[in-house]
Amino acid sequence: MMELMEALEKLVESNNEEQAGNGDKQAEDDVHVSAVCDFLSSTVLPESYRHNSLEEVRLLAIADNFQRQYRLLCPERKPLLICHINECGVQKFVSTTLRPTMTSHPELLNWEGCASFVADFLCLNPLEPPVELPRFLFSATSVLRSQTATCFEYAAVLCSMLLGANYDAYCVSGYASKEMCVLDQRLQECPLLDALSKNAASDLPTESDPTLRFQREPKSRFLTQQAKKKQEEEEAKAKQQEDVPQPPVDSLRGLRVHCWVLVLAGCRSVQENFFIDPLTGRSYSTTYEHFLGIESVWNNLNYYVNMQDCKDCCAEMVYDLHDIKSWEPVLFGVISKRQLSINLLKRKEMKMMGMTWEEEEEEDTRVFEMPRSWVTPINISKQDLETRWPGGRKLTRYKKVELEKFAPDLRMDGLVTRLSIYKDLDCTELVTVKEWYQGRNDHLREREVNKVTGITTERFTPGRHFHLLFHRFTSTQADDVEHEMEFSGAREDGLVRRVDTPEEMTENFMGREDFLYYRHVIYDSNIQLPEESIKAEPEERPLLRRIEVKYHLEKHRFVPCMRTFIKPRLANNQQHWAEDFRADMVSGFHVDPAQKPLHTLALYDLLSDLVKAEKDVALQIKSSKKEVRDIMACREQEETDILLHFSPWTATGAAKAHSLREEMERVAAEEQRWLQEKENDFLAPFLSRLCDIEIVSADDAQRLYGDSLMNFKKCMVTQAQLIQERHDQATNALQKIQEHYQENQQDMSHQEEKEYQAYCAQHIFQIHIAQKRLSMHKRSAAQRYRALDQRLKQDPRLAPYLLN
């Protein structure tokens, strides 16, 4: 270890001499040396990290020769990142830092999953100075352990995972804009907002959607299209008038060093080349304007230097790495990733056809191939995938948006994502907060709070109380709350939607046997109720009742028949209003003028049925209002007592299940130990009579002392009486059998005499044993009594009071 540290210090000193006067570079070296020392002190790394093999030494010599020729032929260009120093202070070739590793996690089998994981799992360590290449480049194993990395280490980890997933991926060393280099996304649109807008557009009801039947009023398609067109024009005009902020002019534009990943077409059904920014995990076209130039690219097989002009950034570049005029390789004749894939397919095809693969004749001078990677295989655990972000939390700022992500089971309320939308770019005026939850006992999935309008929207997964799926409520005042609810189809009453306001309530039903699908309730706002009555019983607000009957359309008719009934004043007393009912209290319209009108009795019977149905509806309305209050009360209670359901199939859930099992076993062991202690405690039955068993007074001690001795005396007497009873029972039985023998001795057979003798012997033995036990009990009772008395006087709970 000491030799390694001395070599490392010499290496740093030599590099400092070459770059004397560069204070920032010296500071960077000190930081990296400190990081190396910390890492070496806590980790035992393999031998490949600490020494170079013969092939690696030869490769470093080839790289050094290539670097000298490059500086001679291209003196105007910056040096290339061909070799670097690893965490052990050993110089390595950059291509050998890539270790293709295929993981067993399904979410990491495509480039989207790999890029998202790397962007989330690592924390950026910006290059300092930003215009120079890094001298240190740690392995993927060290980077994943520390969860901090430079852009080059980001790209190395991502490229290793993509190579393991059979992508034709390369690390790219070049130049990019300041926003990409420092991971500044404050002027970019949040990708989550785009996804939400697309989902909202896909959720719009179509003409075949059955929910359209809830729209009672007909609408003109032309007017709707015109209104939509006008709204789009206004939004476009407002967007044009809006001052789009521009980033400040960067004096180092085109000079900031950055590293990203290039994925070439040809493998894994990739049809077109594209870039991946490892810092964000997002893909871009190879003509994206924020990538300003490329110096070199490399994978685990070779290293290529860009010989093309980058005056138009990367827009006109060609990514044919076999073109020597465009890309200069360090190792000539080395097979490429694409050629390896082609050869593998050919071998599989020939094997299926029963043919053998014939290797091409080797050249006299064998091509020098890239040595194996010195990095150990990348190990990504299930816990890493679940925890994801450093510390389990990550905050990203976008244009007028702040996006927070949390690891599952990190927060007690189950929050996993929070999206805060602001009105200004400085993110000071909050407009909307959207939150996503997971694993809650109340099945809450999403919550959106509009800070301007005061509207709160909640979405639930199926399975909660009242079968509630959607709840939107507006609370501007304490007594003025509007509710909009949607329910699943599992309700017995078929309710699927309810809109409740202080003025009216609308309910929609589906699948009912009575074919009810719509109910609209209007409250009479002209009638003033006492304030106490409104506060006590809000569902007792009077209904604006009107009995109007509309019949189904008759055949070949366009207008339905209608009837309107005027209820008598004394509607609550059927006997009185039956006398007051008249035929002129019913008005209506019938399509067929030749149809005879109904008799007064028939109209009266119809009105009676309608009044009865009206009472039933009034009770249902009260029940609906009560259910709204019950739902709100239930939600308030659930928010105060949030519990999370964890899955034992996740690493976090398994750890919690294991800790819960250990806790249950510990509690069970403590209870068992407590029960055993109570069983051995002779004072336990008497202490249970006290109000507080932890505090024993002098009177309590004297009483416990006396009760214990008295109870012992009773036990001894009871035991002696039991022994005496058994003795008496055996004696009486022996006397009876002896009397029976004396009376019938002459008539007994030889066998009966033997049985008599055996019976007498048995009872005599029992009498003898009982006498002996009784005598022993009398002798030991006194000794046990004295021992109990001594034990009571020595008990720490009674001793302070008994000795005095």
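These legends accompany close-up views of a predicted model of one protein chain.

**View 1. Secondary structure and burial across the protein chain.** The predicted model has 21 helices and 25 strands in the protein chain. The protein chain has 804 residues, and 38% of them are buried. Its accessible surface is about 50,000 Å², with carbon and sulfur atoms contributing 52% of that area. Among contacts with a separation of 6 or more, 58% join residues 24 or more positions apart.

**View 2. Packing of helix H19 against helix H20.** Helix H19 spans residues 698–744, and helix H20 spans residues 750–794. Their axes lie 9 Å apart and form an angle of about 170 degrees. The two helices, H19 and H20, are therefore roughly antiparallel to each other, since angles over 145 degrees count as such. Residues in the contact of H19 with H20 comprise 22 nonpolar, 10 polar and 7 charged.

**View 3. Surroundings of Cys 171.** The structure contains 0 disulfides. Cys 171 accordingly takes part in no disulfide. The nearest cysteine sulfur to Cys 171 belongs to Cys 159, at 4.0 Å, whereas a disulfide requires two cysteine sulfur atoms within 2.5 Å. Cys 171 has a relative accessible area of 0% and is therefore buried, the cut-off for buried being under 20%.

**View 4. Burial of Cys 267.** The relative accessible area of Cys 267 is 4%, so this residue is buried.

Key. Residues are numbered from 1 along each chain as its sequence is written. This is a predicted model: local features need pLDDT of at least 70, side-chain atom pairs count only at pLDDT 80 or more; totals for chains, interfaces and linings use all residues. Side-chain values use heavy atoms; hydrogens and water are left out. Helices (H or I, at least four residues) and strands (E, at least two) are DSSP runs, numbered from the N terminus. Buried means under 20% relative accessible area, exposed over 50%, partly exposed in between (1.4 Å probe, protein chains only). Contact means heavy atoms within 4.5 Å. Accessible areas come from the Shrake-Rupley method with a 1.4 Å probe; for residues, only the protein chains shown count as cover. Axes are lines fitted to C-alpha atoms, for helices over the stretch in contact, and angles run from 0 to 180 degrees between N-to-C directions. Angles under 35 degrees count as roughly parallel, over 145 as roughly antiparallel, 65 to 115 as roughly perpendicular and the rest as oblique. Ala, Val, Leu, Ile, Met, Phe, Trp, Tyr, Cys and Pro count as nonpolar, Asp, Glu, Lys and Arg as charged, and the others, Gly among them, as polar.
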